[in-house]
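Colleague: Can you take me through the model? I'd like to hear about the holes and the core.

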Amino acid sequence: MKKVWSSILAIMLIFTLAACTANSDAGTEKKKKESEKVLYLNNQVEPTSFDPPIGFDSVSWSALNNLMEGLVRLDKNNEPVAATAEKWDVSQDGKVYTFHIRDNAKWSNGDDVTAGDFVFAWKRLLNPETASPASFLGYFIEGAEDYANGKGSADDVKVKAVDDKTLEVTLTSPQAFFLNVISNPAFFPINEKVAKENPKWFAEADSFVGNGPFNLTAWEHDNYFEMTKNKKYWDADTVKLDKVHWAMINDTNTEYQMFQNGELDTSDVPADLSEQLFKDGKVKVEDQAGTYFYRFNVTKEPFQNKNIRKAFAMAVDQQQIVDFVTKSKEKPAYGFVSYGFKDANGKDFRETSGDLLKTNVEEAKKLLAQGMKEEGYSKLPEVTLTYSTSDTHKAIAEALQQMFKDNLGVDVKLANMEANVFVQDQTALKLQLSRSSFLADYGDPINYLENFQTGLAMNRTGWSNKKYDQLIKEAKNESNEAKRFDLMYEAEKLLLDEAPIFPIYFYNYVYLQNEDVSGIVRHPVGYLELKWADKK
(Lines give C-alpha, C1' and ligand atoms only; values in the text may rest on other atoms or scores of the structure.)
Protein backbone atom coordinates (compact mmCIF):
# COMPACT_ATOMS: atom_id res chain seq x y z
CA MET A 1 0.00 0.00 0.00
CA LYS A 2 2.90 2.31 0.90
CA LYS A 3 4.35 1.65 -2.56
CA VAL A 4 1.07 2.65 -4.19
CA TRP A 5 0.88 5.92 -2.24
CA SER A 6 4.55 6.61 -3.00
CA SER A 7 3.83 6.16 -6.68
CA ILE A 8 0.76 8.42 -6.55
CA LEU A 9 2.72 11.13 -4.68
CA ALA A 10 5.56 10.90 -7.20
CA ILE A 11 3.14 11.30 -10.13
CA MET A 12 1.43 14.25 -8.44
CA LEU A 13 4.83 15.89 -7.83
CA ILE A 14 5.77 15.48 -11.51
CA PHE A 15 2.49 17.09 -12.61
CA THR A 16 2.90 19.91 -10.09
CA LEU A 17 6.45 20.62 -11.27
CA ALA A 18 5.32 20.45 -14.92
CA ALA A 19 2.47 22.87 -14.22
CA CYS A 20 4.84 25.25 -12.43
CA THR A 21 7.28 25.06 -15.35
CA ALA A 22 4.45 25.65 -17.85
CA ASN A 23 3.15 28.62 -15.84
CA SER A 24 6.69 29.96 -15.54
CA ASP A 25 7.24 29.61 -19.32
CA ALA A 26 3.89 31.25 -20.03
CA GLY A 27 4.75 34.12 -17.70
CA THR A 28 8.16 34.56 -19.32
CA GLU A 29 6.57 34.50 -22.77
CA LYS A 30 3.94 37.06 -21.67
CA LYS A 31 6.63 39.37 -20.24
CA LYS A 32 8.67 38.97 -23.42
CA LYS A 33 5.62 39.86 -25.52
CA GLU A 34 4.81 42.87 -23.33
CA SER A 35 8.40 44.12 -23.55
CA GLU A 36 8.45 43.81 -27.34
CA LYS A 37 8.59 47.13 -29.16
CA VAL A 38 5.94 46.87 -31.88
CA LEU A 39 5.17 49.82 -34.14
CA TYR A 40 1.73 49.91 -35.79
CA LEU A 41 1.56 51.69 -39.16
CA ASN A 42 -0.87 51.88 -42.06
CA ASN A 43 0.19 51.20 -45.67
CA GLN A 44 -3.36 52.03 -46.90
CA VAL A 45 -3.35 49.43 -49.70
CA GLU A 46 -1.56 46.28 -50.86
CA PRO A 47 2.01 47.12 -51.96
CA THR A 48 2.42 47.11 -55.75
CA SER A 49 5.48 44.89 -55.39
CA PHE A 50 8.46 44.25 -53.12
CA ASP A 51 10.56 43.65 -56.23
CA PRO A 52 12.79 46.80 -56.07
CA PRO A 53 12.57 47.92 -59.75
CA ILE A 54 8.79 47.31 -59.85
CA GLY A 55 7.71 48.65 -56.45
CA PHE A 56 8.44 52.18 -57.63
CA ASP A 57 5.63 53.98 -55.81
CA SER A 58 4.47 55.39 -52.49
CA VAL A 59 2.70 52.18 -51.39
CA SER A 60 5.83 50.03 -51.80
CA TRP A 61 8.73 52.37 -51.05
CA SER A 62 8.45 52.84 -47.28
CA ALA A 63 8.38 49.11 -46.62
CA LEU A 64 11.13 48.36 -49.17
CA ASN A 65 13.35 51.07 -47.69
CA ASN A 66 13.30 49.21 -44.38
CA LEU A 67 13.50 45.67 -45.75
CA MET A 68 16.49 46.39 -47.98
CA GLU A 69 19.43 48.73 -48.33
CA GLY A 70 21.55 50.13 -51.16
CA LEU A 71 25.16 51.22 -51.31
CA VAL A 72 24.19 54.43 -49.53
CA ARG A 73 21.28 55.38 -47.27
CA LEU A 74 19.72 58.75 -46.53
CA ASP A 75 20.56 59.89 -43.00
CA LYS A 76 18.44 61.88 -40.56
CA ASN A 77 19.29 65.06 -42.51
CA ASN A 78 18.32 63.45 -45.84
CA GLU A 79 21.92 63.26 -47.02
CA PRO A 80 23.37 60.06 -48.58
CA VAL A 81 25.81 58.30 -46.25
CA ALA A 82 27.69 55.00 -46.25
CA ALA A 83 25.40 51.96 -45.90
CA THR A 84 26.05 48.57 -47.55
CA ALA A 85 29.15 50.25 -48.99
CA GLU A 86 31.45 51.39 -46.18
CA LYS A 87 33.35 53.81 -48.46
CA TRP A 88 33.97 54.77 -52.10
CA ASP A 89 36.55 56.41 -54.32
CA VAL A 90 35.84 58.86 -57.16
CA SER A 91 38.10 59.30 -60.18
CA GLN A 92 39.64 62.69 -60.91
CA ASP A 93 37.21 63.36 -63.77
CA GLY A 94 34.24 62.54 -61.50
CA LYS A 95 32.95 59.79 -63.78
CA VAL A 96 34.13 56.55 -62.13
CA TYR A 97 32.94 55.51 -58.67
CA THR A 98 34.49 52.52 -56.91
CA PHE A 99 32.42 51.23 -53.98
CA HIS A 100 33.80 49.00 -51.23
CA ILE A 101 31.10 46.75 -49.74
CA ARG A 102 31.23 45.93 -46.03
CA ASP A 103 32.63 42.52 -45.09
CA ASN A 104 29.73 42.09 -42.63
CA ALA A 105 27.00 43.04 -45.13
CA LYS A 106 24.73 39.97 -45.15
CA TRP A 107 21.46 38.86 -46.67
CA SER A 108 18.72 37.77 -44.27
CA ASN A 109 19.40 34.13 -45.27
CA GLY A 110 23.06 34.49 -44.21
CA ASP A 111 24.60 34.91 -47.67
CA ASP A 112 27.21 37.63 -48.21
CA VAL A 113 26.02 40.73 -50.08
CA THR A 114 28.35 40.92 -53.08
CA ALA A 115 29.21 43.38 -55.84
CA GLY A 116 27.73 40.79 -58.21
CA ASP A 117 24.34 41.19 -56.49
CA PHE A 118 24.42 44.90 -57.37
CA VAL A 119 25.48 44.22 -60.97
CA PHE A 120 22.66 41.70 -61.32
CA ALA A 121 20.07 44.07 -59.80
CA TRP A 122 21.07 47.20 -61.71
CA LYS A 123 21.20 45.44 -65.09
CA ARG A 124 17.83 43.87 -64.32
CA LEU A 125 16.46 47.35 -63.55
CA LEU A 126 17.58 48.43 -67.04
CA ASN A 127 16.54 45.26 -68.85
CA PRO A 128 13.65 46.13 -71.24
CA GLU A 129 11.99 42.82 -70.31
CA THR A 130 11.73 43.93 -66.67
CA ALA A 131 9.65 46.93 -67.81
CA SER A 132 10.59 48.91 -64.71
CA PRO A 133 9.05 52.40 -64.50
CA ALA A 134 12.29 53.40 -62.74
CA SER A 135 14.74 52.33 -65.46
CA PHE A 136 15.27 55.93 -66.61
CA LEU A 137 16.94 56.72 -63.26
CA GLY A 138 19.90 54.63 -64.37
CA TYR A 139 20.53 56.47 -67.62
CA PHE A 140 23.48 58.36 -66.11
CA ILE A 141 25.43 55.06 -66.22
CA GLU A 142 27.41 54.59 -69.42
CA GLY A 143 25.62 52.20 -71.79
CA ALA A 144 22.44 52.11 -69.68
CA GLU A 145 20.07 54.13 -71.86
CA ASP A 146 20.90 52.19 -75.04
CA TYR A 147 20.41 48.87 -73.22
CA ALA A 148 17.09 49.99 -71.71
CA ASN A 149 15.86 51.10 -75.14
CA GLY A 150 16.89 47.88 -76.88
CA LYS A 151 19.80 49.47 -78.77
CA GLY A 152 22.62 47.95 -76.73
CA SER A 153 23.45 44.91 -74.62
CA ALA A 154 23.79 44.27 -70.88
CA ASP A 155 27.54 43.88 -71.43
CA ASP A 156 27.71 47.52 -72.56
CA VAL A 157 26.40 48.80 -69.19
CA LYS A 158 29.42 50.02 -67.23
CA VAL A 159 28.67 48.41 -63.88
CA LYS A 160 31.38 45.91 -62.95
CA ALA A 161 32.20 43.62 -60.03
CA VAL A 162 35.97 44.03 -59.63
CA ASP A 163 35.78 41.34 -56.94
CA ASP A 164 33.11 40.11 -54.49
CA LYS A 165 33.28 43.27 -52.41
CA THR A 166 34.25 45.94 -54.96
CA LEU A 167 31.82 47.56 -57.42
CA GLU A 168 32.91 49.92 -60.19
CA VAL A 169 30.40 52.27 -61.87
CA THR A 170 31.21 54.52 -64.86
CA LEU A 171 28.94 57.52 -65.53
CA THR A 172 28.24 59.29 -68.82
CA SER A 173 29.34 62.56 -67.18
CA PRO A 174 30.01 63.86 -63.66
CA GLN A 175 26.70 63.93 -61.72
CA ALA A 176 26.43 66.06 -58.59
CA PHE A 177 23.37 64.10 -57.49
CA PHE A 178 24.63 60.55 -58.22
CA LEU A 179 24.79 59.36 -54.59
CA ASN A 180 21.32 60.81 -53.99
CA VAL A 181 19.94 58.81 -56.92
CA ILE A 182 21.33 55.46 -55.81
CA SER A 183 19.79 55.81 -52.35
CA ASN A 184 16.48 55.13 -54.14
CA PRO A 185 14.96 51.64 -53.61
CA ALA A 186 15.18 50.97 -57.36
CA PHE A 187 18.95 50.60 -56.85
CA PHE A 188 18.80 48.09 -54.03
CA PRO A 189 20.75 44.86 -54.60
CA ILE A 190 19.04 41.53 -55.27
CA ASN A 191 20.44 38.21 -54.09
CA GLU A 192 21.33 36.75 -57.50
CA LYS A 193 21.42 33.13 -56.34
CA VAL A 194 17.99 33.40 -54.68
CA ALA A 195 16.43 35.24 -57.64
CA LYS A 196 17.64 32.65 -60.15
CA GLU A 197 16.32 29.78 -58.03
CA ASN A 198 12.97 31.52 -57.46
CA PRO A 199 12.11 34.43 -59.80
CA LYS A 200 9.12 35.31 -57.52
CA TRP A 201 11.25 35.48 -54.35
CA PHE A 202 9.70 38.89 -53.49
CA ALA A 203 6.04 37.80 -53.64
CA GLU A 204 5.63 36.11 -50.21
CA ALA A 205 7.04 36.57 -46.73
CA ASP A 206 8.49 33.06 -46.51
CA SER A 207 10.55 33.51 -49.70
CA PHE A 208 11.59 37.15 -49.29
CA VAL A 209 15.32 37.75 -48.80
CA GLY A 210 16.46 41.25 -47.87
CA ASN A 211 19.52 43.01 -46.48
CA GLY A 212 17.95 45.89 -44.56
CA PRO A 213 17.17 46.66 -40.90
CA PHE A 214 14.04 44.45 -40.93
CA ASN A 215 12.89 41.08 -42.34
CA LEU A 216 9.51 40.43 -43.95
CA THR A 217 8.02 37.77 -41.66
CA ALA A 218 4.27 37.82 -42.42
CA TRP A 219 2.14 38.97 -45.35
CA GLU A 220 -1.58 38.37 -45.62
CA HIS A 221 -2.27 39.99 -48.97
CA ASP A 222 -4.72 42.91 -49.00
CA ASN A 223 -4.91 42.74 -45.21
CA TYR A 224 -1.55 43.33 -43.49
CA PHE A 225 2.16 42.56 -43.47
CA GLU A 226 4.76 42.45 -40.71
CA MET A 227 8.49 42.91 -40.46
CA THR A 228 10.80 42.02 -37.58
CA LYS A 229 14.28 43.18 -36.67
CA ASN A 230 16.96 41.66 -38.91
CA LYS A 231 19.67 40.34 -36.60
CA LYS A 232 21.98 39.76 -39.58
CA TYR A 233 21.87 43.46 -40.60
CA TRP A 234 25.36 44.98 -40.37
CA ASP A 235 24.08 47.80 -38.12
CA ALA A 236 21.53 45.76 -36.14
CA ASP A 237 22.61 47.32 -32.82
CA THR A 238 21.14 50.65 -33.99
CA VAL A 239 17.68 49.17 -34.63
CA LYS A 240 15.46 49.56 -31.54
CA LEU A 241 12.11 48.18 -32.74
CA ASP A 242 11.37 44.46 -32.55
CA LYS A 243 8.48 44.45 -35.02
CA VAL A 244 6.50 46.69 -37.37
CA HIS A 245 2.89 45.79 -38.24
CA TRP A 246 1.46 47.45 -41.36
CA ALA A 247 -2.32 47.54 -41.77
CA MET A 248 -4.02 48.25 -45.12
CA ILE A 249 -6.80 50.74 -44.37
CA ASN A 250 -7.71 52.98 -47.30
CA ASP A 251 -10.06 55.35 -45.48
CA THR A 252 -8.75 58.33 -43.53
CA ASN A 253 -11.62 58.38 -41.03
CA THR A 254 -11.23 54.67 -40.23
CA GLU A 255 -7.48 55.15 -39.91
CA TYR A 256 -8.03 58.05 -37.50
CA GLN A 257 -10.44 55.99 -35.36
CA MET A 258 -7.85 53.19 -35.18
CA PHE A 259 -5.25 55.75 -34.10
CA GLN A 260 -7.62 57.04 -31.42
CA ASN A 261 -8.20 53.47 -30.21
CA GLY A 262 -4.47 52.74 -30.00
CA GLU A 263 -4.53 50.31 -32.93
CA LEU A 264 -2.21 52.55 -34.99
CA ASP A 265 0.74 54.69 -33.93
CA THR A 266 0.35 57.24 -36.73
CA SER A 267 -2.53 58.57 -38.82
CA ASP A 268 -3.31 61.01 -41.58
CA VAL A 269 -5.55 63.93 -40.66
CA PRO A 270 -9.20 63.64 -41.78
CA ALA A 271 -10.15 66.77 -43.73
CA ASP A 272 -13.33 67.37 -41.69
CA LEU A 273 -11.36 67.32 -38.41
CA SER A 274 -8.23 69.13 -39.58
CA GLU A 275 -9.21 72.61 -38.40
CA GLN A 276 -9.87 71.43 -34.84
CA LEU A 277 -6.81 69.15 -34.71
CA PHE A 278 -4.54 71.93 -35.98
CA LYS A 279 -6.08 74.28 -33.40
CA ASP A 280 -5.44 71.71 -30.65
CA GLY A 281 -1.76 71.54 -31.70
CA LYS A 282 -1.90 67.79 -32.30
CA VAL A 283 -0.87 67.83 -35.97
CA LYS A 284 2.73 67.51 -37.08
CA VAL A 285 3.81 69.03 -40.42
CA GLU A 286 7.02 68.30 -42.33
CA ASP A 287 8.28 69.10 -45.82
CA GLN A 288 7.88 66.57 -48.60
CA ALA A 289 9.28 66.79 -52.13
CA GLY A 290 6.37 65.99 -54.40
CA THR A 291 3.43 67.26 -56.42
CA TYR A 292 -0.24 66.22 -56.66
CA PHE A 293 -1.31 66.79 -60.26
CA TYR A 294 -3.49 65.66 -63.15
CA ARG A 295 -2.47 64.19 -66.50
CA PHE A 296 -4.14 64.88 -69.84
CA ASN A 297 -3.97 62.07 -72.37
CA VAL A 298 -2.96 64.01 -75.49
CA THR A 299 -3.76 61.01 -77.71
CA LYS A 300 -7.47 61.20 -76.83
CA GLU A 301 -9.96 63.89 -77.82
CA PRO A 302 -10.33 66.68 -76.90
CA PHE A 303 -6.95 66.90 -75.18
CA GLN A 304 -4.90 66.63 -78.35
CA ASN A 305 -5.49 70.40 -78.48
CA LYS A 306 -3.11 72.53 -76.41
CA ASN A 307 -5.59 75.38 -75.91
CA ILE A 308 -8.29 73.04 -74.61
CA ARG A 309 -5.76 71.54 -72.19
CA LYS A 310 -4.78 74.99 -70.94
CA ALA A 311 -8.44 75.99 -70.64
CA PHE A 312 -9.10 73.08 -68.28
CA ALA A 313 -5.89 73.81 -66.35
CA MET A 314 -6.69 77.51 -65.88
CA ALA A 315 -10.26 76.73 -64.78
CA VAL A 316 -8.86 75.04 -61.66
CA ASP A 317 -8.56 77.01 -58.42
CA GLN A 318 -5.74 75.33 -56.50
CA GLN A 319 -6.09 77.67 -53.52
CA GLN A 320 -9.71 76.63 -52.99
CA ILE A 321 -8.74 72.95 -53.10
CA VAL A 322 -6.10 73.26 -50.37
CA ASP A 323 -8.25 75.60 -48.26
CA PHE A 324 -11.59 73.82 -48.45
CA VAL A 325 -11.01 70.23 -49.69
CA THR A 326 -7.71 68.81 -48.42
CA LYS A 327 -7.31 71.34 -45.55
CA SER A 328 -3.82 70.14 -44.59
CA LYS A 329 -1.77 73.33 -45.04
CA GLU A 330 -0.44 72.31 -48.49
CA LYS A 331 0.96 74.99 -50.79
CA PRO A 332 -1.00 75.42 -54.05
CA ALA A 333 1.09 74.43 -57.08
CA TYR A 334 1.43 76.69 -60.12
CA GLY A 335 4.51 74.89 -61.42
CA PHE A 336 5.65 71.26 -61.31
CA VAL A 337 8.91 71.39 -59.29
CA SER A 338 8.21 71.83 -55.59
CA TYR A 339 9.90 74.19 -53.15
CA GLY A 340 13.18 73.32 -51.42
CA PHE A 341 15.74 73.04 -54.24
CA LYS A 342 18.47 75.69 -54.36
CA ASP A 343 20.06 76.73 -57.66
CA ALA A 344 23.71 77.72 -58.23
CA ASN A 345 23.00 81.18 -56.75
CA GLY A 346 21.36 79.77 -53.65
CA LYS A 347 17.88 80.79 -54.80
CA ASP A 348 14.86 78.48 -54.55
CA PHE A 349 13.99 76.87 -57.88
CA ARG A 350 10.24 77.31 -57.42
CA GLU A 351 10.47 80.96 -56.44
CA THR A 352 12.78 81.72 -59.38
CA SER A 353 10.70 79.83 -61.93
CA GLY A 354 7.52 81.48 -60.62
CA ASP A 355 3.84 80.81 -61.32
CA LEU A 356 3.61 79.14 -64.72
CA LEU A 357 0.03 77.88 -64.91
CA LYS A 358 -2.34 79.79 -62.63
CA THR A 359 -6.10 80.14 -62.19
CA ASN A 360 -7.58 82.52 -64.78
CA VAL A 361 -11.23 81.80 -65.53
CA GLU A 362 -11.72 84.46 -68.23
CA GLU A 363 -8.62 83.33 -70.11
CA ALA A 364 -9.75 79.70 -69.71
CA LYS A 365 -13.07 80.46 -71.41
CA LYS A 366 -11.29 82.17 -74.33
CA LEU A 367 -8.86 79.28 -74.75
CA LEU A 368 -11.67 76.72 -74.72
CA ALA A 369 -13.55 78.61 -77.44
CA GLN A 370 -10.34 78.96 -79.46
CA GLY A 371 -9.46 75.27 -79.11
CA MET A 372 -12.95 74.13 -80.09
CA LYS A 373 -12.79 76.36 -83.18
CA GLU A 374 -9.39 74.91 -84.13
CA GLU A 375 -10.79 71.36 -83.87
CA GLY A 376 -14.10 72.18 -85.56
CA TYR A 377 -16.09 71.22 -82.46
CA SER A 378 -19.63 72.55 -82.11
CA LYS A 379 -19.85 70.49 -78.95
CA LEU A 380 -16.97 69.31 -76.76
CA PRO A 381 -16.44 65.50 -76.81
CA GLU A 382 -17.42 63.80 -73.56
CA VAL A 383 -14.77 64.04 -70.85
CA THR A 384 -14.25 61.45 -68.09
CA LEU A 385 -12.00 62.20 -65.12
CA THR A 386 -10.61 59.04 -63.49
CA TYR A 387 -9.08 58.73 -60.03
CA SER A 388 -7.75 55.84 -57.94
CA THR A 389 -9.96 54.79 -55.04
CA SER A 390 -9.42 57.01 -52.00
CA ASP A 391 -11.61 59.42 -50.06
CA THR A 392 -9.13 62.27 -50.68
CA HIS A 393 -8.83 61.61 -54.43
CA LYS A 394 -12.62 61.44 -54.66
CA ALA A 395 -13.09 64.78 -52.86
CA ILE A 396 -10.58 66.51 -55.14
CA ALA A 397 -12.15 64.96 -58.25
CA GLU A 398 -15.58 66.20 -57.19
CA ALA A 399 -14.19 69.71 -56.59
CA LEU A 400 -12.63 69.73 -60.08
CA GLN A 401 -15.87 68.47 -61.60
CA GLN A 402 -17.70 71.44 -60.09
CA MET A 403 -15.01 73.91 -61.20
CA PHE A 404 -15.18 72.69 -64.81
CA LYS A 405 -18.98 73.06 -64.67
CA ASP A 406 -18.95 76.52 -63.08
CA ASN A 407 -16.00 78.02 -64.95
CA LEU A 408 -16.23 76.37 -68.39
CA GLY A 409 -19.81 75.10 -68.56
CA VAL A 410 -18.45 71.57 -69.15
CA ASP A 411 -20.07 68.51 -67.55
CA VAL A 412 -17.29 66.05 -66.67
CA LYS A 413 -18.02 62.45 -65.68
CA LEU A 414 -16.16 60.83 -62.80
CA ALA A 415 -14.82 57.27 -62.61
CA ASN A 416 -12.71 55.49 -60.02
CA MET A 417 -10.51 52.38 -60.09
CA GLU A 418 -8.46 50.31 -57.67
CA ALA A 419 -4.87 51.59 -57.50
CA ASN A 420 -3.06 48.77 -59.34
CA VAL A 421 -5.53 48.69 -62.26
CA PHE A 422 -5.53 52.48 -62.36
CA VAL A 423 -1.75 52.71 -62.82
CA GLN A 424 -1.80 50.02 -65.53
CA ASP A 425 -4.54 51.81 -67.49
CA GLN A 426 -2.93 55.21 -67.06
CA THR A 427 0.42 53.87 -68.30
CA ALA A 428 -1.31 52.20 -71.26
CA LEU A 429 -2.92 55.58 -72.15
CA LYS A 430 -6.44 54.25 -71.68
CA LEU A 431 -7.55 57.14 -69.46
CA GLN A 432 -8.60 60.55 -70.78
CA LEU A 433 -7.97 62.81 -67.77
CA SER A 434 -6.60 61.27 -64.58
CA ARG A 435 -5.14 62.12 -61.20
CA SER A 436 -1.52 61.51 -60.45
CA SER A 437 1.22 62.21 -57.97
CA PHE A 438 4.94 62.54 -58.06
CA LEU A 439 7.21 62.05 -55.07
CA ALA A 440 10.82 62.88 -55.80
CA ASP A 441 13.11 59.88 -56.26
CA TYR A 442 16.14 61.99 -55.33
CA GLY A 443 16.86 65.56 -54.34
CA ASP A 444 17.22 67.48 -57.59
CA PRO A 445 14.73 69.33 -59.89
CA ILE A 446 15.84 67.27 -62.90
CA ASN A 447 14.10 64.29 -61.28
CA TYR A 448 10.73 66.06 -61.65
CA LEU A 449 11.33 67.21 -65.20
CA GLU A 450 12.88 64.05 -66.67
CA ASN A 451 9.56 62.20 -66.25
CA PHE A 452 8.03 63.84 -69.32
CA GLN A 453 10.65 62.87 -71.87
CA THR A 454 9.29 61.08 -74.91
CA GLY A 455 8.37 57.46 -74.32
CA LEU A 456 9.27 57.18 -70.64
CA ALA A 457 7.07 54.91 -68.53
CA MET A 458 6.49 57.78 -66.10
CA ASN A 459 5.26 60.13 -68.87
CA ARG A 460 1.76 58.60 -69.10
CA THR A 461 0.37 61.46 -71.20
CA GLY A 462 1.38 60.55 -74.75
CA TRP A 463 3.03 63.98 -74.97
CA SER A 464 6.27 64.29 -76.93
CA ASN A 465 8.39 67.37 -77.58
CA LYS A 466 11.84 67.28 -79.22
CA LYS A 467 12.95 70.59 -77.74
CA TYR A 468 11.96 69.44 -74.26
CA ASP A 469 13.82 66.13 -74.67
CA GLN A 470 16.92 68.04 -75.79
CA LEU A 471 16.77 70.43 -72.82
CA ILE A 472 16.59 67.51 -70.38
CA LYS A 473 19.44 65.70 -72.12
CA GLU A 474 21.63 68.81 -72.02
CA ALA A 475 20.79 69.47 -68.37
CA LYS A 476 21.74 65.93 -67.39
CA ASN A 477 25.11 66.24 -69.10
CA GLU A 478 25.92 69.81 -67.98
CA SER A 479 28.59 70.05 -65.28
CA ASN A 480 28.26 73.84 -64.85
CA GLU A 481 25.55 74.25 -62.19
CA ALA A 482 24.39 77.72 -63.30
CA LYS A 483 23.93 76.54 -66.90
CA ARG A 484 22.28 73.32 -65.71
CA PHE A 485 19.65 75.22 -63.74
CA ASP A 486 19.01 77.61 -66.65
CA LEU A 487 18.25 74.59 -68.84
CA MET A 488 15.87 73.22 -66.21
CA TYR A 489 14.08 76.57 -65.82
CA GLU A 490 13.54 76.65 -69.58
CA ALA A 491 12.31 73.04 -69.60
CA GLU A 492 9.73 73.62 -66.86
CA LYS A 493 8.35 76.70 -68.64
CA LEU A 494 7.98 74.68 -71.85
CA LEU A 495 6.26 71.82 -69.99
CA LEU A 496 3.66 74.06 -68.36
CA ASP A 497 3.09 76.05 -71.56
CA GLU A 498 2.34 72.84 -73.46
CA ALA A 499 0.30 71.62 -70.47
CA PRO A 500 0.15 67.83 -70.80
CA ILE A 501 -0.37 68.11 -67.03
CA PHE A 502 -1.73 70.60 -64.52
CA PRO A 503 -0.53 70.77 -60.89
CA ILE A 504 -2.83 70.99 -57.85
CA TYR A 505 -0.62 71.26 -54.76
CA PHE A 506 2.79 70.43 -53.34
CA TYR A 507 2.84 67.57 -50.88
CA ASN A 508 3.71 67.86 -47.22
CA TYR A 509 3.72 65.35 -44.39
CA VAL A 510 0.70 66.14 -42.20
CA TYR A 511 0.16 63.47 -39.58
CA LEU A 512 -0.70 62.49 -36.03
CA GLN A 513 1.71 60.35 -34.02
CA ASN A 514 1.66 58.46 -30.75
CA GLU A 515 3.64 60.44 -28.16
CA ASP A 516 5.46 57.24 -27.15
CA VAL A 517 6.94 56.94 -30.65
CA SER A 518 10.13 58.75 -31.67
CA GLY A 519 12.85 58.62 -34.30
CA ILE A 520 10.76 58.00 -37.43
CA VAL A 521 12.42 59.92 -40.25
CA ARG A 522 10.11 61.05 -43.05
CA HIS A 523 12.37 61.75 -45.99
CA PRO A 524 11.15 64.54 -48.30
CA VAL A 525 11.64 62.13 -51.22
CA GLY A 526 8.67 60.15 -50.02
CA TYR A 527 9.49 57.23 -47.79
CA LEU A 528 9.80 56.44 -44.10
CA GLU A 529 12.99 55.50 -42.29
CA LEU A 530 12.48 53.22 -39.28
CA LYS A 531 16.10 52.34 -38.59
CA TRP A 532 16.24 54.92 -35.77
CA ALA A 533 12.61 54.63 -34.65
CA ASP A 534 11.77 53.78 -31.04
CA LYS A 535 8.69 53.23 -28.90
CA LYS A 536 8.36 53.46 -25.13
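Colleague: By class, what residues does the lining of the largest cavity have?

Modeller: Four nonpolar, four polar and two charged residues. Ala, Val, Leu, Ile, Met, Phe, Trp, Tyr, Cys and Pro count as nonpolar, Asp, Glu, Lys and Arg as charged, and the others, Gly among them, as polar. This is a predicted model, where local features need pLDDT of at least 70, side-chain atom pairs count only at pLDDT 80 or more, and totals for chains, interfaces and linings use all residues. Residues are numbered from 1 along each chain, and side-chain values use heavy atoms, without hydrogens and water.

Colleague: How much space lies in the largest cavity?

Modeller: About 50 Å³. A cavity is a set of points on a 1 Å grid over the protein atoms alone where a 1.4 Å probe fits but cannot get out, and lining residues have an atom within 4 Å of a point. The volume is the space filled by probe spheres set on the points, which are joined across faces, edges and corners. Arg295, Gln426 and Arg460 are among the lining residues.

Colleague: Switching to the core, which residues touch the most other members of the largest nonpolar one?

Modeller: Phe312, Leu400, Phe404 and Phe502, out of 145 residues. Such a core joins buried (under 20% relative accessible area, 1.4 Å probe, protein chains only) Ala, Val, Leu, Ile, Met, Phe, Trp, Tyr and Cys residues through side-chain atoms within 4.5 Å.

Colleague: What is leucine 400 in contact with?

Modeller: Leaving aside neighbours within four places in sequence, Leu400 is in contact (heavy atoms within 4.5 Å) with Tyr294, Val316, Ile321, Leu385, Phe502 and Ile504. A second, separate core of seven residues includes Tyr256 and Phe259.

Terms used
Buried < 20%, exposed > 50% of the residue type's maximum accessible area, 1.4 Å probe, protein only. 1 Å grid on protein atoms, 1.4 Å probe; cavity = no way out; pocket = protein on both sides within 12 Å on 5 of 7 lines; lining within 4 Å.
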